Amino acid sequence: LHRVDRRQRQMCIRDSLPTFGHLELAEITPDSVRNWHALTGTATPTLRAHAYGLMRTILGTAERDELITRNPCYVRGAGNSVRVHKVKPLTLKELEVVVAAMPPQRQVMTLLAAWCAMRFGELAELRRGDLNLRTGIIHVRRAVVRVDGQAIIGTPKFDAGTRDIAIPPHLVPLIKQHLKDHVGPGKDALLFPGADGGHLNPSTLYGRKPTKKSPGYGFYAARAAADRPDLRWHDLRHTGAVLAASTGATLAELMGRLGHSTPGAALRYQHAAQGRDIEIAKRLSALVGE
């Protein structure tokens with residue numbers, strides 16, 4: 001269950017209750033599970049896969065506890081989701097434009113999302129005490145999620161999300177300036193607070209979309225400045241992962257930096273960085289002249 005964050009768990013349970021909430025465990029049949037899966041969340045495949053996976057886990061526990069004789073969840077491939085949004089990483093030039101167009105107090109947050117491949121919830125909960133600029137390390141120990149409008153602080157999305165991230169040296173002076181200009185005193189001060197001093201709301205980060213009458217503001221305006229209307233905030237993390245992979249980082253190194261517990265996700269970023277193969281080929285030819 002640790003693979004599904006709090007908000008997703010709540011939505012998964014809510015989506016299954018109208019169908020199964022009134023039934024005894026033994027009354028849930030393979031047919032009813034297949035029918036529920038066929039009609040639920042067809043427009044949100046990732047959430048659908050999480051809902052099915054959560055239900056399969058719950059009923060698997062019931063089977064092991066001998067509350068039911070057999071887990072009725074065995075829809076082939078139902079626990080896997082197909083990525084609907086094809087992510088296109090930012091180029092360094094596009095990233096530069098996006099950062100410059102962000103509000104000043106959000107620019108370093110944008111840089112850390114990309115260069116350190118951090119999740120929004122990790123960044124929104126980041127505090128002074130989590131930084132060690134002498135060693136150039138960010139200690140990721142917590143994350144924040146919003147459930148029914150309430151900010152809930154917990155551990156990162158995955159167990160492996162608790163990690164130490166090395167900061168690219170070119171960011172350290174910018175972080176120091178950000179601390180001076182935009183962060184309160186004390187080790188518990190949030191690095192990227194909302195206007196009220198509390199946790200930043202995603203809607204505040206995104207701002208308002210540009211229109212014919214208004215240039216918009218926030219992340220919406222920044223992505224428009226880079227001519228990347230397809231860009232989502234989480235795609236900055238994807239960009240950072242591809243940048244890290246392009247340096248020749250091993251699979252284990254990528255998993256550690258990104259906070260992944262399984263190699264599957266990290267492999268996607270290595271594949272996305274396969275443009276390095278041209279450089280590798282050039283280096284191979286250079287060996288001939290040595």
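**A first walk through the predicted model**

By buried I mean under 20% relative accessible area, while exposed is over 50% and partly exposed sits in between, with a 1.4 Å probe and protein chains only.

Some ground rules. This is a predicted model, where local features need pLDDT of at least 70, side-chain atom pairs count only at pLDDT 80 or more, and totals for chains, interfaces and linings use all residues. Residues are numbered from 1 along each chain as its sequence is written, and side-chain values use heavy atoms, with hydrogens and water left out.

How confident is the predictor? The pLDDT, its confidence in each residue from 0 to 100, averages 84 over the chain, and 82% of the residues score at least 70. Over residues 1-6 the pLDDT is below 50, yet this stretch has 18 contacts in the model beyond near neighbours in sequence. A contact here means heavy atoms within 4.5 Å. Where pLDDT is low, the predicted coordinates should not be read in detail.

Now the overall picture. The chain has 290 residues, and 40% of them are buried. Its secondary structure comes to 13 helices and five strands. Those are DSSP runs numbered from the N terminus: helices are H or I with at least four residues, strands are E with at least two. Of the contacts with a separation of 6 or more, 60% are between residues 24 or more positions apart. The accessible surface is about 16300 Å², and 55% of that belongs to carbon and sulfur atoms. Those areas come from the Shrake-Rupley method with a 1.4 Å probe, and for residues only the protein chains shown count as cover.

On to the strands. Two strands pair if DSSP finds at least two bridges between them. What order do the strands take in the open sheet of three? The order is β1-β2-β5, and the pairing is antiparallel. β1 (131-132) and β5 (163-166) stand at the edges with a single partner strand each, so one side of each has no neighbour in the sheet. Between β1 and β2 (residues 137-140) there are two bridges, and Asn 132 stands opposite Ile 137 in β2.

Then there's β3 (residues 143-147), joined to β4 (residues 150-154) by five bridges, again running antiparallel. Arg 146 stands opposite Ala 151 in β4. The two strands form a hairpin with two residues between them, and Asp 148 in the turn has a positive phi of about 55°.

While we're on phi, here are two residues in loops. Glu 66 has a phi near 60°, positive in a residue other than glycine, and lies in the loop between α3 (45-64) and α4 (92-101). Ala 117 isn't a glycine either, and has a positive phi of about 50°; its loop runs between α5 (104-115) and α6 (120-124). Which way do they go, buried or exposed? Glu 66 is exposed at 72% relative accessible area, whereas Ala 117 is buried at 1%.

Now the aromatics. Rings of Phe, Tyr and Trp (its six-membered ring) pair if their centres lie within 6.5 Å; planes under 30 degrees apart are stacked, over 60 edge-to-face, and the rest tilted. How many aromatic pairs turn up in the whole structure? Four. In one of them, the ring centres of Phe 20 and Trp 36 are 5.7 Å apart with planes at 70°, so that pair is edge-to-face. Phe 20 sits in helix α1 (residues 6-20) and Trp 36 in helix α2 (residues 30-39), so the pair ties together parts 16 residues apart in sequence. Phe 20 is buried at 9%, and Trp 36 is buried at 5%.

And here's Phe 219 again: with Trp 233 it forms an edge-to-face pair, 5.5 Å centre to centre and 80° between the planes. Phe 219 is in helix α9 (residues 218-225) and Trp 233 in the loop between α9 and α10 (234-246), 14 residues apart. Trp 233 is buried at 5%. Ring pairs link Tyr 206, Phe 219, Tyr 220 and Trp 233 into a cluster.

Last stop, cysteines. A disulfide is a pair of cysteine sulfur atoms within 2.5 Å, and by this rule the count is zero. Cys 73 is buried at 6% relative accessibility, and Cys 116 is buried at 0%.

Notes. pLDDT is the predictor's confidence in each residue, from 0 to 100.
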